[in-house]
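Hello,

Here is the structure we spoke about. Please have a look, then read on for what turned up.

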Amino acid sequence: MNGLRAIIICLVVTCAAVVSPAAVAQPAGPLTPSWSVLPVPAAAPPVTVSDLAARGPDEAWATGYEHAADGLRPMLYRWDGTAWSRDTTFPGAAELGWLGKVQFVGEDVWIFHNHEGTGEILRRSANGWNAVPLPQTLWTYQDFAAVPGATWVVGEDDTGLKVLHYDGSGWTTQATPDGVLFLMGITARSADDAWAWADTSTETTVLRWDGTAWRDANVPLPPDSNVHTMLLEPSGRITIGGSQYTDGVSRTYLMTFNGHAWRTGYPPLGDTYTGGMVRGPDGALWLPMRSDRAFQSKYARVDGSRTSFSHGPERTNAIDVKPSVLARAGSALLSFGTVEIYGSKPNLMSERLGG
(Lines give C-alpha, C1' and ligand atoms only; values in the text may rest on other atoms or scores of the structure.)
Protein backbone atom coordinates (compact mmCIF):
# COMPACT_ATOMS: atom_id res chain seq x y z
CA MET A 1 0.00 0.00 0.00
CA ASN A 2 2.80 2.40 0.87
CA GLY A 3 4.52 1.49 -2.41
CA LEU A 4 1.38 2.27 -4.42
CA ARG A 5 1.02 5.59 -2.60
CA ALA A 6 4.58 6.49 -3.45
CA ILE A 7 4.00 5.71 -7.12
CA ILE A 8 0.87 7.92 -7.22
CA ILE A 9 2.70 10.81 -5.57
CA CYS A 10 5.53 10.54 -8.10
CA LEU A 11 3.05 10.59 -11.00
CA VAL A 12 1.32 13.70 -9.63
CA VAL A 13 4.62 15.54 -9.21
CA THR A 14 5.74 14.51 -12.69
CA CYS A 15 2.50 15.66 -14.31
CA ALA A 16 2.65 18.97 -12.44
CA ALA A 17 6.17 19.49 -13.74
CA VAL A 18 5.05 18.77 -17.32
CA VAL A 19 2.19 21.27 -17.30
CA SER A 20 3.78 23.95 -15.12
CA PRO A 21 4.68 27.10 -17.09
CA ALA A 22 7.74 27.52 -14.94
CA ALA A 23 8.98 24.07 -15.80
CA VAL A 24 8.60 24.30 -19.59
CA ALA A 25 10.10 26.97 -21.87
CA GLN A 26 7.33 28.67 -23.83
CA PRO A 27 7.73 28.81 -27.62
CA ALA A 28 9.02 32.17 -28.74
CA GLY A 29 6.71 34.31 -30.83
CA PRO A 30 7.73 35.75 -34.20
CA LEU A 31 10.58 38.21 -34.06
CA THR A 32 9.34 41.80 -34.26
CA PRO A 33 11.54 44.18 -36.27
CA SER A 34 12.86 47.04 -34.18
CA TRP A 35 13.08 50.49 -35.74
CA SER A 36 15.23 53.24 -34.25
CA VAL A 37 15.07 57.02 -34.60
CA LEU A 38 17.70 58.83 -36.68
CA PRO A 39 17.77 62.55 -35.88
CA VAL A 40 17.40 64.90 -38.88
CA PRO A 41 18.33 68.60 -38.82
CA ALA A 42 15.06 70.52 -38.98
CA ALA A 43 13.95 72.23 -42.16
CA ALA A 44 11.52 75.16 -42.40
CA PRO A 45 8.13 73.46 -42.01
CA PRO A 46 5.91 72.42 -43.60
CA VAL A 47 8.01 70.16 -45.82
CA THR A 48 7.43 67.56 -48.54
CA VAL A 49 9.70 64.54 -49.06
CA SER A 50 10.32 63.46 -52.66
CA ASP A 51 12.77 60.57 -52.73
CA LEU A 52 15.44 58.55 -50.92
CA ALA A 53 18.28 56.49 -52.39
CA ALA A 54 21.18 54.65 -50.74
CA ARG A 55 24.42 53.18 -52.04
CA GLY A 56 25.32 51.07 -49.04
CA PRO A 57 25.38 51.71 -45.30
CA ASP A 58 27.52 54.87 -45.52
CA GLU A 59 25.81 56.95 -48.21
CA ALA A 60 22.20 57.94 -48.76
CA TRP A 61 20.48 61.05 -50.11
CA ALA A 62 16.99 62.35 -49.42
CA THR A 63 15.29 65.06 -51.49
CA GLY A 64 12.25 67.28 -51.20
CA TYR A 65 11.24 70.88 -50.66
CA GLU A 66 10.12 73.40 -48.06
CA HIS A 67 6.88 75.36 -48.41
CA ALA A 68 8.20 78.90 -47.91
CA ALA A 69 6.14 82.09 -47.97
CA ASP A 70 7.50 83.04 -51.40
CA GLY A 71 7.22 79.55 -52.92
CA LEU A 72 8.88 76.16 -52.81
CA ARG A 73 12.53 75.84 -51.84
CA PRO A 74 14.65 72.73 -52.49
CA MET A 75 16.09 70.67 -49.67
CA LEU A 76 18.73 67.94 -49.80
CA TYR A 77 19.97 65.71 -46.97
CA ARG A 78 22.89 63.31 -46.85
CA TRP A 79 23.43 60.25 -44.66
CA ASP A 80 27.10 59.34 -44.05
CA GLY A 81 26.53 56.16 -42.06
CA THR A 82 26.46 58.03 -38.76
CA ALA A 83 24.21 61.08 -39.09
CA TRP A 84 22.00 63.09 -41.43
CA SER A 85 23.20 66.54 -42.53
CA ARG A 86 21.77 69.12 -44.88
CA ASP A 87 23.60 69.84 -48.14
CA THR A 88 23.31 73.41 -49.42
CA THR A 89 26.25 73.35 -51.85
CA PHE A 90 24.35 72.37 -55.02
CA PRO A 91 23.53 74.97 -57.71
CA GLY A 92 20.30 76.80 -56.92
CA ALA A 93 20.15 75.66 -53.30
CA ALA A 94 19.15 79.12 -52.09
CA GLU A 95 16.66 79.81 -54.91
CA LEU A 96 13.06 78.78 -55.56
CA GLY A 97 12.43 75.28 -56.82
CA TRP A 98 12.21 71.66 -55.73
CA LEU A 99 14.18 68.43 -55.89
CA GLY A 100 12.70 65.19 -57.19
CA LYS A 101 14.05 61.70 -57.77
CA VAL A 102 17.66 60.91 -56.78
CA GLN A 103 19.68 58.11 -58.40
CA PHE A 104 23.22 56.75 -58.41
CA VAL A 105 24.87 56.60 -61.82
CA GLY A 106 28.29 55.01 -61.62
CA GLU A 107 30.18 56.90 -58.92
CA ASP A 108 27.98 59.99 -59.27
CA VAL A 109 24.72 61.16 -57.70
CA TRP A 110 22.06 62.46 -60.11
CA ILE A 111 19.01 64.44 -58.96
CA PHE A 112 16.16 66.04 -60.89
CA HIS A 113 15.90 69.76 -60.07
CA ASN A 114 13.07 72.11 -60.93
CA HIS A 115 14.91 75.44 -60.77
CA GLU A 116 12.35 78.25 -60.76
CA GLY A 117 10.24 76.35 -63.29
CA THR A 118 13.13 75.22 -65.49
CA GLY A 119 14.17 71.59 -65.39
CA GLU A 120 17.76 70.39 -65.03
CA ILE A 121 19.76 67.42 -63.80
CA LEU A 122 22.09 67.98 -60.87
CA ARG A 123 25.16 65.74 -60.90
CA ARG A 124 27.55 65.30 -58.01
CA SER A 125 30.94 63.74 -58.69
CA ALA A 126 34.26 63.73 -56.85
CA ASN A 127 34.80 67.24 -58.24
CA GLY A 128 31.57 68.65 -56.83
CA TRP A 129 28.23 69.64 -58.34
CA ASN A 130 27.32 70.62 -61.90
CA ALA A 131 24.01 71.00 -63.73
CA VAL A 132 22.82 69.64 -67.07
CA PRO A 133 19.98 71.83 -68.41
CA LEU A 134 17.04 70.34 -70.26
CA PRO A 135 16.62 71.29 -73.92
CA GLN A 136 13.23 72.90 -73.26
CA THR A 137 10.94 74.01 -70.47
CA LEU A 138 7.94 71.80 -69.75
CA TRP A 139 4.64 72.63 -68.13
CA THR A 140 4.97 69.62 -65.84
CA TYR A 141 7.90 67.39 -64.96
CA GLN A 142 6.42 64.01 -64.09
CA ASP A 143 9.43 61.74 -63.54
CA PHE A 144 13.10 61.11 -64.19
CA ALA A 145 15.34 58.05 -64.60
CA ALA A 146 19.10 57.76 -65.12
CA VAL A 147 21.51 54.88 -65.80
CA PRO A 148 25.01 54.83 -67.31
CA GLY A 149 24.64 56.09 -70.88
CA ALA A 150 21.02 57.22 -70.73
CA THR A 151 18.74 59.66 -68.93
CA TRP A 152 15.02 60.26 -69.37
CA VAL A 153 12.77 63.10 -68.25
CA VAL A 154 9.03 62.78 -68.90
CA GLY A 155 6.40 65.47 -68.70
CA GLU A 156 4.20 67.75 -70.82
CA ASP A 157 4.40 71.02 -72.74
CA ASP A 158 1.76 72.89 -74.73
CA THR A 159 1.90 70.24 -77.47
CA GLY A 160 1.35 67.30 -75.13
CA LEU A 161 3.44 64.40 -73.84
CA LYS A 162 7.24 64.72 -73.95
CA VAL A 163 9.88 62.04 -73.41
CA LEU A 164 13.30 63.74 -73.33
CA HIS A 165 16.34 61.48 -73.68
CA TYR A 166 19.97 62.34 -72.89
CA ASP A 167 22.80 60.09 -74.10
CA GLY A 168 25.64 61.90 -72.38
CA SER A 169 26.28 64.36 -75.20
CA GLY A 170 22.90 65.71 -76.23
CA TRP A 171 19.13 65.56 -75.90
CA THR A 172 16.54 64.04 -78.25
CA THR A 173 12.78 63.60 -78.05
CA GLN A 174 11.45 60.05 -78.17
CA ALA A 175 8.09 58.99 -79.58
CA THR A 176 5.61 56.79 -77.72
CA PRO A 177 2.97 54.41 -79.16
CA ASP A 178 -0.24 55.90 -80.55
CA GLY A 179 -2.91 56.42 -77.94
CA VAL A 180 -0.56 57.18 -75.05
CA LEU A 181 -1.72 60.41 -73.42
CA PHE A 182 0.50 60.78 -70.38
CA LEU A 183 3.47 59.04 -68.76
CA MET A 184 3.01 58.75 -65.00
CA GLY A 185 6.45 57.35 -64.19
CA ILE A 186 9.63 55.88 -65.61
CA THR A 187 12.44 53.63 -64.40
CA ALA A 188 15.40 51.95 -66.09
CA ARG A 189 17.80 49.07 -65.61
CA SER A 190 20.17 49.97 -68.48
CA ALA A 191 20.38 52.24 -71.51
CA ASP A 192 18.40 49.72 -73.59
CA ASP A 193 16.02 48.48 -70.88
CA ALA A 194 13.67 51.17 -69.56
CA TRP A 195 10.05 50.88 -68.45
CA ALA A 196 7.26 53.44 -68.06
CA TRP A 197 3.63 53.37 -66.99
CA ALA A 198 1.22 55.44 -69.00
CA ASP A 199 -2.39 56.54 -69.31
CA THR A 200 -4.26 55.95 -72.55
CA SER A 201 -7.78 56.94 -73.48
CA THR A 202 -9.10 53.65 -72.10
CA GLU A 203 -6.69 52.23 -69.50
CA THR A 204 -3.30 52.22 -67.83
CA THR A 205 -0.56 50.44 -69.76
CA VAL A 206 3.11 49.61 -69.32
CA LEU A 207 5.66 50.56 -71.98
CA ARG A 208 9.19 49.27 -72.55
CA TRP A 209 12.20 50.87 -74.24
CA ASP A 210 14.43 48.25 -75.89
CA GLY A 211 17.12 50.62 -77.16
CA THR A 212 15.26 51.29 -80.40
CA ALA A 213 11.67 52.28 -79.62
CA TRP A 214 9.01 52.49 -76.93
CA ARG A 215 6.49 49.65 -77.27
CA ASP A 216 3.55 48.26 -75.32
CA ALA A 217 5.02 45.66 -72.94
CA ASN A 218 1.68 43.76 -72.87
CA VAL A 219 1.66 43.54 -69.08
CA PRO A 220 -1.68 42.04 -67.91
CA LEU A 221 -2.54 44.72 -65.36
CA PRO A 222 -5.70 44.18 -63.30
CA PRO A 223 -8.77 45.83 -64.84
CA ASP A 224 -9.63 49.33 -63.61
CA SER A 225 -6.20 49.79 -62.06
CA ASN A 226 -3.29 52.19 -62.05
CA VAL A 227 0.44 51.85 -61.38
CA HIS A 228 2.37 53.58 -58.59
CA THR A 229 5.84 52.14 -59.04
CA MET A 230 8.00 49.48 -60.69
CA LEU A 231 11.03 47.76 -59.14
CA LEU A 232 13.53 46.47 -61.71
CA GLU A 233 16.07 44.06 -60.25
CA PRO A 234 19.37 42.82 -61.77
CA SER A 235 18.09 39.24 -61.64
CA GLY A 236 15.37 40.13 -64.15
CA ARG A 237 12.60 40.11 -61.56
CA ILE A 238 10.13 42.99 -61.82
CA THR A 239 7.59 44.08 -59.21
CA ILE A 240 4.73 46.45 -59.96
CA GLY A 241 2.70 48.11 -57.23
CA GLY A 242 -0.57 49.91 -57.77
CA SER A 243 -4.26 50.23 -56.95
CA GLN A 244 -7.31 48.51 -58.39
CA TYR A 245 -10.77 50.05 -58.15
CA THR A 246 -13.83 47.85 -57.63
CA ASP A 247 -17.25 49.44 -57.02
CA GLY A 248 -15.53 52.68 -56.09
CA VAL A 249 -13.26 51.04 -53.51
CA SER A 250 -9.48 50.98 -53.96
CA ARG A 251 -7.25 48.07 -52.96
CA THR A 252 -3.53 47.61 -53.38
CA TYR A 253 -2.16 44.96 -55.71
CA LEU A 254 1.38 43.69 -56.35
CA MET A 255 2.47 42.03 -59.60
CA THR A 256 5.71 40.09 -59.96
CA PHE A 257 7.45 38.95 -63.14
CA ASN A 258 9.84 36.04 -62.64
CA GLY A 259 11.31 36.16 -66.15
CA HIS A 260 8.57 33.99 -67.64
CA ALA A 261 5.16 35.02 -66.35
CA TRP A 262 3.34 37.67 -64.32
CA ARG A 263 1.64 36.85 -61.04
CA THR A 264 -0.80 39.18 -59.28
CA GLY A 265 -1.46 39.23 -55.54
CA TYR A 266 -3.59 41.28 -53.17
CA PRO A 267 -1.82 41.43 -49.80
CA PRO A 268 -3.84 42.89 -46.89
CA LEU A 269 -2.57 46.46 -47.38
CA GLY A 270 -5.87 48.28 -47.82
CA ASP A 271 -5.36 51.17 -50.22
CA THR A 272 -1.68 51.73 -49.37
CA TYR A 273 0.25 53.83 -51.86
CA THR A 274 3.19 51.72 -53.06
CA GLY A 275 5.45 54.50 -54.36
CA GLY A 276 7.87 54.06 -51.44
CA MET A 277 8.20 50.28 -51.84
CA VAL A 278 11.66 48.66 -51.85
CA ARG A 279 13.21 45.20 -51.78
CA GLY A 280 14.75 44.88 -48.35
CA PRO A 281 18.03 43.21 -47.36
CA ASP A 282 15.97 40.22 -46.17
CA GLY A 283 14.57 39.67 -49.67
CA ALA A 284 11.05 40.78 -48.75
CA LEU A 285 9.16 43.82 -50.03
CA TRP A 286 8.81 46.68 -47.55
CA LEU A 287 6.32 49.55 -47.76
CA PRO A 288 5.63 52.61 -45.59
CA MET A 289 1.98 52.73 -44.55
CA ARG A 290 -0.61 55.04 -43.10
CA SER A 291 -0.30 54.32 -39.40
CA ASP A 292 -3.11 53.28 -37.08
CA ARG A 293 -1.23 55.01 -34.24
CA ALA A 294 -0.81 58.78 -34.29
CA PHE A 295 2.48 58.66 -32.37
CA GLN A 296 4.19 55.87 -34.35
CA SER A 297 5.07 55.10 -37.96
CA LYS A 298 3.96 51.85 -39.59
CA TYR A 299 5.59 49.54 -42.15
CA ALA A 300 4.44 46.47 -44.04
CA ARG A 301 6.62 43.50 -44.96
CA VAL A 302 5.42 41.30 -47.82
CA ASP A 303 7.22 38.00 -48.31
CA GLY A 304 5.37 35.91 -50.86
CA SER A 305 1.93 35.18 -49.45
CA ARG A 306 2.83 36.37 -45.93
CA THR A 307 2.33 39.96 -44.82
CA SER A 308 3.40 41.34 -41.45
CA PHE A 309 3.53 44.79 -39.90
CA SER A 310 5.80 46.73 -37.58
CA HIS A 311 5.70 50.14 -35.90
CA GLY A 312 8.45 52.65 -35.38
CA PRO A 313 9.46 54.11 -32.02
CA GLU A 314 6.91 56.08 -30.02
CA ARG A 315 7.28 59.83 -30.48
CA THR A 316 6.22 62.12 -27.66
CA ASN A 317 3.30 64.42 -28.53
CA ALA A 318 3.27 63.26 -32.16
CA ILE A 319 -0.11 63.43 -33.90
CA ASP A 320 0.95 62.17 -37.34
CA VAL A 321 4.06 60.16 -38.28
CA LYS A 322 4.40 59.61 -42.04
CA PRO A 323 7.32 57.66 -43.50
CA SER A 324 7.28 58.47 -47.22
CA VAL A 325 10.14 56.56 -48.81
CA LEU A 326 12.40 53.61 -48.00
CA ALA A 327 15.85 52.58 -49.21
CA ARG A 328 18.06 49.58 -48.62
CA ALA A 329 21.36 50.68 -47.06
CA GLY A 330 23.57 47.61 -46.82
CA SER A 331 22.03 45.30 -44.23
CA ALA A 332 19.66 48.02 -43.01
CA LEU A 333 16.52 49.77 -44.16
CA LEU A 334 16.36 53.56 -44.05
CA SER A 335 13.10 55.47 -43.83
CA PHE A 336 12.57 59.17 -44.50
CA GLY A 337 9.39 61.17 -44.08
CA THR A 338 7.65 63.69 -41.86
CA VAL A 339 6.39 63.90 -38.30
CA GLU A 340 3.90 66.41 -36.93
CA ILE A 341 4.29 67.24 -33.25
CA TYR A 342 1.26 68.71 -31.52
CA GLY A 343 1.33 72.49 -31.89
CA SER A 344 3.81 72.59 -34.79
CA LYS A 345 3.87 71.98 -38.54
CA PRO A 346 5.19 68.73 -40.11
CA ASN A 347 8.98 68.45 -40.11
CA LEU A 348 11.47 65.77 -41.11
CA MET A 349 11.91 62.34 -39.57
CA SER A 350 14.07 59.31 -40.30
CA GLU A 351 14.17 55.78 -38.92
CA ARG A 352 16.36 52.73 -39.42
CA LEU A 353 15.78 49.01 -39.19
CA GLY A 354 18.90 46.91 -38.54
CA GLY A 355 22.38 47.91 -39.62
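A charge sits over a ring if NZ of Lys or CZ of Arg is within 6 Å of the ring centre and within 35 degrees of the ring normal. Arg 251 does this with Tyr 266: its charged end is 3.7 Å from the centre of that ring. Lys 298 lies over the face of Phe 309, at 4.9 Å from the ring centre. Keep in mind that this is a predicted model.

Next, the aromatic rings. Searching the whole structure gives 14 aromatic pairs. One of them joins Tyr 77 and Phe 336; the ring centres are 6.1 Å apart and the planes are at 45 degrees, so this pair is tilted. Tyr 77 is in strand S4 (residues 71–79) and Phe 336 is in strand S27 (residues 332–341), so the pair ties together parts 259 residues apart in sequence. Tyr 77 is buried, at 1% relative accessibility. Phe 336 is buried too, with a relative accessible area of 1%. Phe 257 and Trp 262 also form a tilted pair, at 4.9 Å centre to centre and 35 degrees between the planes. Phe 257 has 19% relative accessibility and counts as buried, because the cut-off is under 20%.

Ring pairs also link Tyr 77, Trp 79, Trp 84 and Phe 336 into a cluster. Ser 350 touches two of these residues: its contacts include Trp 84 and Phe 336. The side chains of Ser 350 and Trp 84 are joined by a polar contact of 2.9 Å. Ser 350 belongs to strand S28 (residues 347–353). Ser 350 is buried, at 1% relative accessibility.

Best wishes

Conventions: Residues are numbered from 1 along each chain as its sequence is written. This is a predicted model: local features need pLDDT of at least 70, side-chain atom pairs count only at pLDDT 80 or more; totals for chains, interfaces and linings use all residues. Side-chain values use heavy atoms; hydrogens and water are left out. Helices (H or I, at least four residues) and strands (E, at least two) are DSSP runs, numbered from the N terminus. Buried means under 20% relative accessible area, exposed over 50%, partly exposed in between (1.4 Å probe, protein chains only). A polar contact is a pair of N or O atoms within 3.5 Å; within protein, one must be able to donate a hydrogen and the other to accept it, and residues adjacent in sequence count only if both atoms are side-chain atoms. Contact means heavy atoms within 4.5 Å. Rings of Phe, Tyr and Trp (its six-membered ring) pair if their centres lie within 6.5 Å; planes under 30 degrees apart count as stacked, over 60 as edge-to-face and the rest as tilted. Lists of a residue's contacts leave out its neighbours within four places in sequence.
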